[in-house]
Amino acid sequence: MLQSDEAADTYRTLAQTLSAEGLDWIVEQVSREIAFGKLASRQPDKEERKLSRDLFSATEEFTPQERLLMLLEGIEQAVVETAGMQRVVLSIVGATKAQVLFGPPSPEGIEYRFGEREARAIGENAERLKTLLAEIRGEILRGT
Amino acid sequence: MALNPALLQEIQVLLHSCASISPSSSAAGADIYEAYVWAVAIDAASRVGASVVYRNRQGQITTNLFFRASPGRIGAASPAYTYAELLFPDCPILEAHIGIYVSGKSGVAHECDVAVLHKEEADRCRADQTLNPRGSSVELAAECKFYPESRAGINLARSFLGLVKDIQPYFRFFVCSRRADRIKKLLHRHHQWYELDVVPTNQTSQNRLRALFENTFVQFKARYL
């Protein structure tokens, strides 16, 4: 089981790594979700029911372990799954297509590109990354 | 039990090696996701008998695939974005596009992340660049949401409900890369087609989405028997 302080340390280390690698948008998105809190609801008590029987909506703070799980999901979605998506696109359109490019309506240059060579290079690493992220998730969930 | 430091170190090394090709913003991630769902739609069309040709705005067969990083008009002259031409025997020719505007019944333009529409309508809009294809010419549309914030997700599903109301309700799909129970509840309640947690490592969801798309094309073909 991963203790709260270890979960918080791991979160910090991974967040710093992501920022250093130019993937800080993942950390920002996870931070926004953390700041908003976990959605919850509460039954009204006897006094409160006099006015309405409706549930109260509420938010609770995420635990350090839950925060780490959210960051792991972010890494999986943004790094592991996008690598898989690139491979799916290339396998369906055929390997003869040299590059897949994304650009704006105005001819200001290409915003993003990938091709067979890049997708192949990243493939094995993304698979290994998924396995390691699952190991951390396993450590967290063993304690719940 | 504390985490093995070697585990974290290896993750850091792997993140470094993957970073150069990983999307550098959520918008870039969304672009890749749209291309992925578009490719699943093309795969579905092929599996039910379509021949596929990739063309650019000028109708030339392309080697590179060039997609919009933000939505635009199908007829925009420059640059030459790629679309897939889908040819089913004895049926009108279809085209599969990414990120185009489509006219709703109200006359308002809506963005379609993935749209499969009649070539005849697309040609009309390429000839008159001011026009957007009409919703009724769209045989399949998918609203693609990549890793949305859970708070924003429900709003995205709500706007999807508005979109399908204005563009015709049939064969419009909400596709999301995350599991999202609240979105599921909302779309299910309103009898919408959706598939959540659609990512390459979830083959079940990916196959279910492809089956939904295949069914769309089967129904399209049946109209021309």
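In what sense, parallel or antiparallel, do E3(A) and strand E2 (residues 65-68) of chain B pair? In this predicted model, E3(A) and E2(B) run in the parallel sense, and four bridges hold the pairing. Leu101(A) has Phe66(B) as its bridge partner in E2(B), and Gly103(A) stands opposite Arg68(B).

Phe66(B) and Ile98(B) are 32 residues apart along the chain, with 10.0 Å between their C-alpha atoms.

Stepping back to the whole interface, 53 residues of chain A meet 51 residues of chain B. On the chain A side, at least two residues each come from helix H1 (4-20), helix H2 (24-36), helix H4 (64-93), strand E3 (99-103), strand E4 (112-115) and helix H5 (116-141). H4(A) gives the most, with 14 residues. Sorted by class, the chain A side holds 29 nonpolar, 12 polar and 12 charged residues.

H5(A) packs against helix H1 (residues 5-19) of chain B at an angle of about 150°, and the two axes are 9 Å apart. The crossing of H5(A) past H1(B) is left-handed. From H5(A), the contact draws on Ile122(A), Asn125(A), Ala126(A), Arg128(A), Leu129(A), Leu132(A) and Glu135(A). H1(B) answers with Leu7(B), Glu10(B), Ile11(B), Leu14(B), Ser17(B) and Cys18(B). Eight of the residues in this contact are nonpolar, two are polar and three are charged.

Chain B also carries an open sheet of its own. Seven strands line up as E1-E3-E4-E5-E6-E7-E8, and the pairing is mixed. The edge strands are E1 (51-55) and E8 (193-195), each pairing on one side only. Here the twist averages 30° from one strand to the next.

Strand E6 (residues 138-145) of chain B pairs with two neighbours in this sheet. With E5(B), the pairing is antiparallel over four bridges, and Leu117(B) has Val138(B) as its bridge partner in E6(B). With strand E7 (residues 172-176) of chain B, E6(B) runs parallel and is joined by five bridges. In E7(B), Ala142(B) is partnered by Phe173(B), while Ala141(B) is partnered by Arg172(B). E6(B) is mostly covered, with eight of its eight residues buried. Elsewhere on the sheet, helix H3 (residues 119-127) of chain B lies across strand E3 (83-87), strand E4 (94-103) and strand E5 (109-118) of chain B, and H3(B) runs at about 125° to E5(B).

What about the nonpolar interior? In soluble globular proteins, nonpolar side chains tend to be buried together. In this model the largest nonpolar core has 102 residues, and Val37(B), Ala41(B) and Val114(B) make the most contacts inside it. H4(A) gives the most to this core, with 14 residues. Ala41(B) shows what such a spot looks like up close: not counting residues up to four places away in sequence, Ala41(B) touches Ala96(B), Val114(B), Val116(B), Leu140(B), Ala142(B) and Phe213(B). One of these contacts, Ala142(B), is the residue that pairs with Phe173(B) of E7(B).

Methods
Residues are numbered from 1 along each chain as its sequence is written. Chains are lettered from A and ligands numbered from 1 in the order in which they are written. This is a predicted model: local features need pLDDT of at least 70, side-chain atom pairs count only at pLDDT 80 or more; totals for chains, interfaces and linings use all residues. Two residues are in contact if their C-beta atoms, placed from the backbone, lie within 7 Å. Ala, Val, Leu, Ile, Met, Phe, Trp, Tyr, Cys and Pro count as nonpolar, Asp, Glu, Lys and Arg as charged, and the others, Gly among them, as polar. Two strands pair if DSSP finds at least two bridges between them. A nonpolar core is a set of buried Ala, Val, Leu, Ile, Met, Phe, Trp, Tyr and Cys residues joined through C-beta atoms within 7 Å. A residue is buried if 20 or more other C-beta atoms lie within 10 Å of its own, exposed if 12 or fewer, and partly exposed in between; C-beta atoms are placed from the backbone. Axes are lines fitted to C-alpha atoms, for helices over the stretch in contact, and angles run from 0 to 180 degrees between N-to-C directions. A crossing is left-handed if the near helix is turned anticlockwise from the far one by less than a right angle, and right-handed if clockwise.
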